[in-house]
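Please look through the structure shown here with the explanation that follows. The text goes from the overall fold to the sheets and then to single residues.

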Amino acid sequence: PTERPVRVAAVETAPLGQQVQAVGLLAPKDEARLAFKVGGVIESIRVEEGAKVERGQVLASLKQAEIGASVEQARQAADKARRDLERAKALYADGVATEEQVQDLTTAYRVARAALGGVEFNAQFARIVAPADGVVLRRTAEPNELVQPGQPILAVGGTDRGWIVQTSLADRDVVHASIGDAARVTFD
């Protein structure tokens with residue numbers, strides 16, 4: 001191996017001679033990505049990026065045709081199961097139907113009622129409502145677009161808990177920064 005001369009110096013603590021500069025984003029401390037619980041075609045999105053929103057304000061909704069059809073189908077199935085059960089009870093009282101048939105139709109009726117409850121519950125989530133006062137940070141879909149359940153449509157930042165500045169520092173700069181250091185923030 002070839003020998004090479006090296007210079008050795010003692011490590012010293014010295015003040016930072018230059019400022020660290022970084023570009024960042026101002027963002028609300030709280031951010032919620034909002035989505036529909038059910039999939040479907042978007043009827044409307046009533047807000048744009050940057051818009052202020054109030055808690056409870058309807059921000060977006062799905063087209064109701066398919067959702068309404070599912071609710072009606074489940075309602076009709078529950079009504080039919082109820083009628084079948086009533087008929088079986090009357091036949092059982094007359095000695096024509098068996099107890100097992102009544103039990104099976106009772107179970108079918110309870111299942112149909114539960115299915116109706118689930119469809120009605122999901123239908124309530126065919127619209128997006130602002131969870132808190134805030135501002136729309138991002139809009140990732142448009143009307144007439146088909147969306148899947150849980151696909152984020154809007155990102156809303158709450159303004160109740162304040163704002164933060166998000167920035168990244170290069171490796172050479174991060175070693176010079178410590179928690180509690182003073183910072184000067186300017187905006188365009």
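**Overall layout**

From the N terminus on, the elements of the protein follow the order β-β-β-β-α-α-β-β-β-β-α. The radius of gyration is 31 Å, well over the 16 Å that the globule rule gives for 188 residues, so the protein is more spread out than a compact globule. The model is a predicted one. In total the protein has three helices and eight strands.

The extent of the chain can also be given as a box: along the principal axes, the C-alpha atoms of the protein fill roughly 110 × 50 × 30 Å. Of the 188 residues in the protein, 25% are buried; a residue counts as buried when its relative accessible area is under 20%. The accessible surface comes to about 13900 Å², and carbon and sulfur atoms account for 51% of that surface. Charged side chains number 23 positive and 26 negative, and the centres of these two sets lie 2 Å apart. As for contacts, among those between residues at least 6 apart in sequence, 76% join residues at least 24 apart.

Strands of a sheet pair through backbone hydrogen bonds, and the pairing is either parallel or antiparallel.

How many of the residues of strand β4 are buried? Five of the five residues of β4 (residues 58-62) are buried, so this strand is largely enclosed by the rest of the structure. On one side, β4 pairs with strand β5 (residues 127-129) in the antiparallel sense over three bridges. Valine 58 stands opposite valine 129 in β5. β4 also pairs with strand β2 (residues 40-45), again in the antiparallel sense and over three bridges. Across this pairing, isoleucine 42 stands opposite leucine 62 in β4, and serine 44 stands opposite serine 61 in β4.

The pairing of β2 with β7 is antiparallel as well and runs over two bridges. Here glycine 40 stands opposite valine 147 in β7, while the bridge partner of valine 41 is leucine 146 in β7.

**The sheet of β1, β8, β6 and β3**

Four strands form another open sheet, in the order β1-β8-β6-β3, and the pairing in it is antiparallel. Here β1 (24-35) and β3 (52-53) stand at the edges, each with a single partner strand, so one side of each is left without a neighbour in the sheet.

Within this sheet, strand β6 (residues 134-139) and strand β8 (residues 152-167) pair in the antiparallel sense over five bridges. Arginine 138 stands opposite alanine 155 in β8.

**A loop residue with positive phi**

Where does asparagine 144 lie? Asparagine 144 is placed in the loop between β6 and β7. The phi angle of asparagine 144 is near 70°, a positive value in a residue other than glycine. For comparison, most residues other than glycine have a negative phi. Asparagine 144 counts as exposed because its relative accessibility is 54%, and the cut-off for exposed is over 50%.

Is arginine 110 buried or exposed? Arginine 110 counts as exposed because its relative accessibility is 57%. Arginine 110 and arginine 82 are 28 residues apart in sequence, and their C-alpha atoms are 8.9 Å apart in space.

Glutamine 103 lies in helix α2 too. Glutamine 103 and lysine 89 are 14 residues apart in sequence, with a C-alpha to C-alpha distance of 9.6 Å.

Methods. Residues are numbered from 1 along each chain as its sequence is written. This is a predicted model: local features need pLDDT of at least 70, side-chain atom pairs count only at pLDDT 80 or more; totals for chains, interfaces and linings use all residues. Side-chain values use heavy atoms; hydrogens and water are left out. Buried means under 20% relative accessible area, exposed over 50%, partly exposed in between (1.4 Å probe, protein chains only). The radius of gyration is taken over C-alpha atoms; the globule rule is 2.2 Å times the number of residues to the power 0.38. Contact means heavy atoms within 4.5 Å. Accessible areas come from the Shrake-Rupley method with a 1.4 Å probe; for residues, only the protein chains shown count as cover. Lys and Arg count as positive and Asp and Glu as negative; His and the chain ends are not counted. The place of a charge is taken as NZ of Lys, CZ of Arg, CG of Asp or CD of Glu. Two strands pair if DSSP finds at least two bridges between them.
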